[in-house]
Amino acid sequence: MADSPSSETTQRPDKGFVIRVILKALGLFVILNVLYILLDPLPMLARVSIYNSIVPGRERLPFGEAPDKAYNLSLYSVEAMFASHEASQPKADDEYRVFLMGDSSVWGYLLEPKDTLSSYLNQMDLIAPDGRSMRFYNLGHPTISQTKDLLLLSYAMDYDPDLIIWLTTLEAAPSSKQLFSPLVQNNPEQVRELIAEYDLNIDPDDPSFVDRTAWDRTIIGERRALADVLRLNLYGIMWASTGIDQIYPDYEPRQEDFEEDYSFYEFEEPLTADDLAFDVIGAGVEMAGDVPVILVNEPIFISMGENSDIRYNFFYPRWAYDDYRALFAEQAEANGWCYLDLWDLVPGTEFTNSAIHLTPTGSDLLAEEIGKSIEDR
Amino acid sequence: MTLFHISIFSAAAILFSVLAKGRWRNWLMLAGSVLAIYWVQSVTPIRYLDFWLPTATLALVGVVWALSWAGGDEKPDQRETLITAAVLIGLVLIVGLLRYAGPLCCLTPSRPPQIWIVGIGLTLIAGLVFGVERGLTGKRWAVIGTIIGLLGLLIVLKTEPLTEFASAGIRSLMGQSVEQASAFDIRWLGFSYVAFRLVHVLLDWINGRLPAVSLQEFVIYVVFFPAFTAGPIDRVDRFVRDLRAEYTFTPTDLYEGGQRIVIGILKKFVLADGLALLALSGQNALQVESTGWLWVMLYAYAFRLYLDFSGYTDVAIGVGRLMGITLPENFERPYLKTNLTTFWNSWHMTLAQWFRAYWFNPVSRRMRTAKKWPVWAIILFGQITTMVMIGLWHGVTWNYAIWGAWHGLGLFVHNRWLNVMRARLRKLDERPALKKAYNVLCVVFTFHFVLLGWIWFALPTVDMAGAVFAKLFGM
């Protein structure tokens, strides 16, 4: 009996067949990678998220140095970061949406989600003048650069805020430090657009920017970024099931005694407005447009220890910080910014491992003060 | 094994398949496997242990071969034995000499000991194997003693307090801090599988079933690199048959072997590693706040475990195939089985077959012959002891023992159920739709029985497992 066609297909593969399979696989691989380079689909793929649908959105932006324990990870895709955040949910009709921008003190380093600034502000049940309920969203990110805040704000504006509260500190302000944040370095195209649009005093060709080569734009080159997006989504299940998004290690308390050290980076007394990135703050206010922005000089730890007459804390010599405060107040006045200087609001006992990280009580104190200011406006 | 290891192994296997012709095939396989066991050994905090553990594996292989070679009718070829011994010594010396190879250092994860120490070690090992070969070959008591020794070593390595104690001993010998001794100091990669292959050989020698195997073939069998770290546990007679068969590399081998490797990589590094992020573990079991998510994590654990282990097996079988060795299957769609007995015929099959051959069958036979025990008692005893031992093979803890007992009891109940229901179940053949529905129900039930059993397997303590059971059922 002759072989039927189906029995032919089950025959053992010959050399030609194997070569054809390998060539086709290689061809497909090359085509897929070329298509991937042309379409650059990562931003679009990063927006596909299980957050806010299968699992609740995160209360703060993804950040984590021990993903397997914190069920959280640091990644560079701002699209994925926002897609995982509760801020990307549609706004309710009666919601007055307030975004809190800033660094690790806003994000809540060493604080549980219930003890962050946004959480305490939400507990105050504030009502906007038009009767809507104020809902505060934590958009802090634990890297310190005002340009990083501006980058995040440029994405946050898509989520329809009614008010922006931008907390910052001198450490985030030096013009020369604006590209220190890995998030900024790894989003060169977006940051360059901001530089061009707002004429920022940042070199768009700075070598800190991590520019992608053609190879980096292939599936293979972007495998880590793709894996990060996938991992962020998988960790969503752990976040939903445990409510954990950070580990809380034992820590050394913030430093109290210091060397006789007057230095603040490369700067010499006095600081000038050109030394600091007020252009970035101005760009943020401009970007917000009709949405009001409250700028807050966030509380710092004020040491009473050795050489505390020279330095306020590990970060700041007194001269630099005093100059910064004066300059910030001047700039706010000159530009008509709404500015709150809360630098000495929180007692020294309410700081944890650094001069800007607050305890739950410290966060609560700050929330009360900010809440009062909002009500007074 | 990492993706890098697998890539190198696959490339080496393809190269091997092209280059290895005639008698060179086995020599290349021997050299590749011996070097691979040094390469895959993980680093240990005890100085030079990552060199000595693979060396000890080779020493054990030599001792067991020397004890059992007389099992066959044919005398081994003296010349080939000496050449094999010289090649083995040469390979270990090369690994040791890489210490001095500057940028080429080292195959082991840390620097090997000075070459004179390696020389002394090798001399002692050669003396031991030679002594065994001269004085103990064919001595039943020595074979039994070696089996007990191998199992004892396995128990030490699987029992945390004993491993910690052993670590303290080795640390003091090496002049390292005894206070820092930990059970994780002695990670003897592949030993669980090596020990079972060696015990299988010795038991087959006792039973007169061991074929004559040359030292070269025996070393390849025990440390064959694709199956070294995660099995399967092949039988020596079957393995050697493949080794001796005429080997012609065909496109089919490349196609089917390559396909198997790709499937294995996908299972292990994409699916299993993805699921690992949310699989139930000792860390997250008590952190979970809701019952629903706990179930999700348990399902994730079950599939992660299967995909991880069967993925490694696929890679091992695929690489073996490229080299002309058809390793036995270890998994055959286990989660789609209609009862626990067929599940255990399709999950870690080579381990289950090992225990069936060397424990369950002989014990059941002996009890039946004694005619003192009712059938149900023989089955109960056989199933429970077999499964508890399979559990303890993974580690000597209460949870593994309970996991084993869980399955042993399940197998017993299934056996009795079948005994009672056989006639009625046969009637289902006349009603195909009902039979199909019944089978679906059986698959769901069997899977969930296995699933709940994984709680014992996944978690480190009985208390934690109890708490998870309570939460899963809303208690």
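Predicted model: local features only at pLDDT ≥ 70, side-chain atom pairs only at ≥ 80, totals over all residues.

1. Local features are discussed at a pLDDT of at least 70, and totals for chains, interfaces and linings use all residues.

2. Chain A as a whole. Chain A holds 14 helices and five strands. Its C-alpha trace spans about 100 × 45 × 45 Å along the principal axes. Of the 377 residues in chain A, 40% count as buried. If you look at contacts in chain A between residues at least 6 apart in sequence, 80% of them join residues at least 24 apart.

3. The strands around β4(A). I would start with β4(A), because four of its five residues are buried, so the rest of the structure largely encloses this strand. On one pairing, β3(A) and β4(A) run in the parallel sense over five bridges, with A:W166 having A:L295 of β4(A) as its bridge partner. On another, β4(A) is joined by four bridges to β5(A), residues 338–341, and this pair is parallel too. Here A:L295 turns up again, with A:Y339 in β5(A) as its bridge partner.

4. The crossover. Which hand does the unit made by β4(A), α13(A) and β5(A) have, right or left? These three elements make a right-handed β-α-β unit. Helix α13 of chain A covers residues 318–335.

5. Helix α12(A) and its cover. This helix runs over residues 278–288, and its buried residues are A:F278, A:D279, A:V280, A:I281, A:A283, A:G284 and A:V285. An α-helix has 3.6 residues a turn, so residues three or four places apart point the same way. What covers the buried residues of α12(A)? The cover includes the helices α8, α10 and α13 of chain A, together with the strands β3 and β4 of chain A. Just after the helix, A:G289 takes a positive phi of about 60 degrees.

6. The nonpolar core. The largest nonpolar core has 204 residues, and within it A:L100 and A:M101 touch the most other members. Helix α3 of chain B, residues 49–68, gives the most to this core, with 13 residues. For A:M101, leaving aside neighbours within four places in sequence, the contacts include A:L139, A:L152, A:L153, A:I164 and A:L167.

7. Two tyrosines worth a look. A:Y71 has a phi near 55 degrees, a positive value in a residue other than glycine, and is found in the loop between α4 and α5 of chain A. A:Y265 also has a positive phi, of about 45 degrees, without being a glycine; its place is the loop between α11 and α12 of chain A. A:Y265 is exposed, because it has 10 other C-beta atoms within 10 Å, where the cut-off is 12 or fewer.

8. Domains of chain B. The domain assignment gives domain 1 (21–244), domain 2 (251–321) and domain 3 (335–472). The C-alpha centres of domain 2 and domain 3 of chain B are 23 Å apart. Their contact takes 13 residues from domain 2 and 12 residues from domain 3. On the domain 2 side, the classes are 10 nonpolar, three polar and no charged residues.

9. Cis peptides in chain B. Please check two bonds: B:C105 to B:C106 is cis, with omega about 5 degrees, and B:G231 to B:P232 is cis, with omega about 5 degrees. B:C106 sits in the loop between α4 and α5 of chain B, and B:P232 in the loop between α9 and α10 of chain B.

10. Where the chains meet. Contacts link 16 residues of chain B with 19 residues of chain A. On the chain B side, α11 (251–276) and α12 (291–322) each supply at least two residues, and the largest share, five residues, comes from α11(B). By class, this side of chain B has nine nonpolar, six polar and one charged residues.

Conventions:
Residues numbered from 1 in each chain as written. Chains lettered and ligands numbered in written order. Buried ≥ 20, exposed ≤ 12 C-beta atoms within 10 Å, placed from the backbone. Contact = placed C-beta atoms within 7 Å. Domains from an automatic or database assignment. Nonpolar A, V, L, I, M, F, W, Y, C, P; charged D, E, K, R; others polar. Core = buried A, V, L, I, M, F, W, Y, C linked by C-beta atoms within 7 Å. Pairing = 2+ DSSP bridges. Right-handed = clockwise from strand over helix to strand, strands pointing away.
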